[in-house]
Amino acid sequence: MDNSKNLTIPEKGLDRSEVLEMLRSFKEGDANYKDSKTWSLVYYIGEEHTRFLIDAFALYFSENALNPMAFRSLKRMEHEVVRMTAGLLNGDGSVVGTMTSGGTESCLLPVMTYRDRAASKRSFRSGMPEMIAPESVHVAWEKAARYFGVKMVHVPLRSDLRVDVEAVKKRINRNTILIVGSAPSYPHGVIDPIAELGALAQEKGIPFHVDSCLGGFMLPFVERLGYKIAPFDFRVPGVTSISADVHKYGYSAKGASVLLYRNMDYLKHQFFVYENWPGGIFISPALLGTRPGGAIAAAWASIKALGINGYLELARKVMETTAALQEGIRSIPELEIMSNPEMSVFAYRSTSKKVNIYAVGDQMEEKGWLVDRLQRPEALHAMVTPLHERITDQFILDLKHSVEKVKSDPSLAKKGNAALYGMIAKVPLRGMIKKEVLKMMEQIYGPEMKMPY
Ligand SMILES: *Cc1c(COP(=O)(O)O)cnc(C)c1O
């Protein structure tokens, strides 16, 4: 397709209807989430709810939450979302927080906040501040470490893929500004031992963040449904902050997460004030300057419209679908679920030398499924949403066929993505991978937008 005319601003503006038609046509070849073929990225529960979110978003389309005084409607909604989420996560009246643009911002900010808080108390020695996190912690925390000059200290996982608390303890020193645990972790969907980490953090006087970006709007309902979930929220003494994404299992529009702190003593270090700017005295509660009002309104609307009963019903469906999927996977002798995930996110891998799990992923992709690959160890990933209920049988059938096919044709492990990942696994220096991927990024973001495949 010749795209060259799209690379310059048209001399004469196009018809708006033509522009919209073009936008529609661009979707061809995108991941197919409406047919429940995707296992990450989109939390879609149907057209009716989506239309409703669009309406809510549209009502505050132009409003800007940068200045809490200008659009009091947005501040009010942000406040209500924060309070509703604090209640959901068993926080008391002193819990405070902000809405952010998403999980990443809700992970970046605490690192900056706790770093500056530690600096204000001069509680660390000279040298780099350090944060301690499980190897399975979301990659956003690695990003935070890099952005804010904090040293990431990784802790290995136990055999059940939850963090080893004794190993956390050993890594604490006077430069430790923060401990992080996940509820649950993104790769394997398991909850770290939050109560034990909380006790340790409290004993040592170190802030402790629970990354519940994935679980914040799911685990409380799973628990209410009667599943056994160990306390992971503000009920645990020692937990000083929690992140929970409304744009994941809160089923809101993208661009909405909640970051909560146990009290203002922590949150105040997140605020940015610059009083000498020629543009005026500038205040900003979170990372962004301009903050889209639509995302806040849609988050507020989603929570209000679904309500406890709506979330419970969705959680029930998700948990039943998860159980059905896991049962189907367990019925395939060459596959296993990794550990025993509490929620609706899990990893599955091959137990057979004859079955390369990435080749299985390639086969599934040929059947139209978009499954994410995990590494160290190699596995595939599933994030279950309510609409996966209707495709469970087809998915398991396709998975069975894919495993059979890979088993009968070992050469498949040397083709496609399997070959790529296989090669990566063998590269002796991981630094080389980084170099290669960076090169790829330069091509994708280069003037010619060269996509690798
Ligand atoms: C999704 C996720 C994040 C990052 O959230 P984004 O909204 O993708 O920026 C952080 N932590 C966990 C546990 C997550 O699942």
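**A chat about the structure**

A: Happy to! Cysteine 107 counts as buried because its relative accessibility is 1%; buried means under 20% relative accessible area, exposed over 50% and partly exposed in between, with a 1.4 Å probe and protein chains only. This is a predicted model, where local features need pLDDT of at least 70, side-chain atom pairs count only at pLDDT 80 or more, and totals for chains, interfaces and linings use all residues. Residues are numbered from 1 along each chain as its sequence is written, and side-chain values use heavy atoms, leaving out hydrogens and water.

Q: Which cysteine sulfur is closest to the one in cysteine 107?

A: That is the sulfur of cysteine 213, 4.2 Å away and therefore too far for a bond. A disulfide is a pair of cysteine sulfur atoms within 2.5 Å, and by this rule the count comes to 0 disulfides. Cysteine 213 counts as buried too, because its relative accessibility is 5%.

Q: OK, and which residues surround the ligand?

A: Among them are Gly102, Gly103, Thr104, Cys107, His138, Tyr186 and Cys213.

Q: How far is the side chain of aspartate 211 from a nitrogen atom of the ligand?

A: An N or O atom of the aspartate 211 side chain is 2.7 Å from that nitrogen, where a polar contact is a pair of N or O atoms within 3.5 Å; within protein, one must be able to donate a hydrogen and the other to accept it, and residues adjacent in sequence count only if both atoms are side-chain atoms. Histidine 247 has a side-chain N or O atom 2.8 Å from an oxygen atom of the ligand. For aspartate 245, a polar side-chain atom lies 3.5 Å from a ligand oxygen.

Q: New topic: is strand β13 enclosed or open?

A: Largely enclosed by the rest of the structure, because 5 of the 5 residues of β13 (residues 379-383) are buried. On one side sit Ala379, His381 and Met383, on the other Leu380 and Ala382, and all are buried. Strands (E, at least two residues) and helices (H or I, at least four) are DSSP runs numbered from the N terminus.

Q: What is the strand order in its sheet?

A: The open sheet of 4 strands runs β10-β11-β13-β12, with antiparallel pairing; two strands pair if DSSP finds at least two bridges between them. β10 (335-337) and β12 are at the edges with a single partner strand each, so one side of each has no neighbour in the sheet.

Q: How many bridges join β11 to β13?

A: There are 4, and the strands run antiparallel. In β13, histidine 381 is the bridge partner of alanine 347, and leucine 380 is that of tyrosine 348.

Q: And what lies between β12 and β13?

A: They form a hairpin with 4 residues between them, and arginine 376 in the turn has a positive phi of about 50°. The peptide bond from arginine 376 to proline 377 is cis, with omega near 0°.

Q: Where else is there a cis peptide bond?

A: One joins alanine 183 and proline 184, with omega about -10°. Proline 184 is in the loop between β4 (176-182) and α7 (194-204).

Q: Last one: is tyrosine 251 buried or exposed?

A: Tyrosine 251 is buried, with a relative accessible area of 3%. Its phi is positive, near 55°, in a residue other than glycine.

Conventions: Near = heavy atom within 4 Å.
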